[in-house]
Amino acid sequence: MKSFIKSLLLGASAAVAISFAAQAETLVLVNADAIDSPVDLMNKHFAKLVEERSNGDIDVSYITGTQLGTPPQVMDQLSAGSLDAFGTAGSWLTSYAPDTNILTWGFTFRDADHVFNFFKSDLFDDLTKDMINEARIRPLSSGPTEPRVVFLTEELDDNADFSGRKMRIPQIPAYLSLWKAIGAQPTQVAWGEVFLAMRTGIVDGAEGPPSAAISQRFHEAAPNVYMTNHVWATSTIVINEDKFQSFTPEQQDLLTKAAEDASRWVYDYSTERRETVLDEMRSSGATIRDIDATPLREAAYAGVADVEAEGLWRKGLFDAVQKY
């Protein structure tokens, strides 16, 4: 009899454990950047925070690397609901929120606080509302990481003239217009292929945040590094809207706060690591140069009216962003 009762109790305990486990929600989080890049580390930090703060009620299944495609391809999968969440560069919001092209225009933001304030603004909410309602992609958080710099195979002249230089750009319209305005010849090359493109002369240079570029060895192929700081690199964590609505209000708050904390964490990480990264580049033979960016800034500002007239983003948006 005792054995029978014990079996019943053990069976009941197992059933309770199975029932509890079944209640855990799974969040499939994806990365499309290099492993151990700042975005990858941000995603890992976000996953850790979610699991810890939910006491295991939300289990994060993290798929890292580029195995699911390019960022635009992953955004498409997220919109379709085949993936739950995606941590990536903020510039890829342009896939479904075209006005966010403003993020990748030269010298739009004064400093990191300016970027953070913009992301927290009603203006940013307005720019992304159609992405939420129609594409079913919700930004949980966004923030700056670090300013982007230029890597060139050959030195600039004393006038810092980019005329004729073949500059690698991603598949983002604002980069194409920006580098045309600066006088370069923009050429689209996938991030993972930039090193080889510079080594073989397909492009003369590239630009990017040092903490991400070092993992791709940009400085080895193009050892002339110019501290242009022309665009603030950004990060974002986005989630499928239907998946987000499947969580309780408490879980939604938890996910949002964890994402905000992860965005702040990756900014702090990138800022602290920046000088170390530049020192590592120097030790590998790269030359780090300061540069008077005034001509680049003036060219970027002069190009605003043209790109707004072309509809790259809504008219007056550049000036509106300056108020934050």
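## Serine 270

Serine 270 counts as buried because its relative accessibility is 0%, where buried means under 20% relative accessible area, exposed over 50% and partly exposed in between (1.4 Å probe, protein chains only). The model is predicted: local features need pLDDT of at least 70, side-chain atom pairs count only at pLDDT 80 or more, and totals for chains, interfaces and linings use all residues. Residues are numbered from 1 along each chain as its sequence is written, and side-chain values use heavy atoms, with hydrogens and water left out.

Helix α11 holds serine 270; helices (H or I, at least four residues) and strands (E, at least two) are DSSP runs numbered from the N terminus. With neighbours within four places in sequence left aside, serine 270 is in contact (heavy atoms within 4.5 Å) with Pro38, Thr145, Glu146 and Ser211.

## Packing of α2 on α11

Two packed helices are described by the angle between their axes and the distance between the axes. For α2 and α11 the angle is about 145° and the axes are 9 Å apart. Axes are lines fitted to C-alpha atoms, for helices over the stretch in contact, and angles run from 0 to 180 degrees between N-to-C directions. The crossing of α2 past α11 is right-handed; a crossing is left-handed if the near helix is turned anticlockwise from the far one by less than a right angle, and right-handed if clockwise.

On the α2 side, the residues making the contact include Pro38, Leu41, Phe46 and Arg53. On the α11 side, Leu254, Trp265, Tyr269 and Ser270 are among them. By class, the contact of α2 with α11 has 14 nonpolar, three polar and three charged residues. Ala, Val, Leu, Ile, Met, Phe, Trp, Tyr, Cys and Pro count as nonpolar, Asp, Glu, Lys and Arg as charged, and the others, Gly among them, as polar.

The largest pocket has a volume of about 690 Å³. Its lining comprises 39 residues, of which Asp33, Pro71, Trp92, Arg168 and Trp191 are the closest to its centre. A pocket is an open set of points on a 1 Å grid over the protein atoms alone where a 1.4 Å probe fits, with protein on both sides within 12 Å along at least five of seven lines; lining residues have an atom within 4 Å of a point. Grid points are joined across faces, edges and corners, and a volume is the space filled by probe spheres set on the points. β10 (232-240) gives the most to this lining, with three residues. The lining of the largest pocket divides into 21 nonpolar, 14 polar and four charged residues.

The second largest pocket has a volume of about 410 Å³. Among its 17 lining residues, Phe119, Leu140, Ser141, Ser142 and Glu260 are the closest to the centre. α4, α5, β4 and α11 each give two or more residues to this lining, and β4 gives the most, with five. Seven nonpolar, five polar and five charged residues make up the lining of the second largest pocket.

## Helix α6

In α6 (residues 173-182), the residues Ala174, Tyr175, Ser177, Leu178, Trp179 and Ile182 are buried. These buried residues pack against β5, β6, β7, β8 and α12. Glycine 183 follows α6 and has a positive phi, near 110°.

## Overall

The protein has 13 helices and eleven strands, and 52% of its 324 residues count as buried. Its C-alpha trace spans about 95 × 45 × 30 Å along the principal axes.
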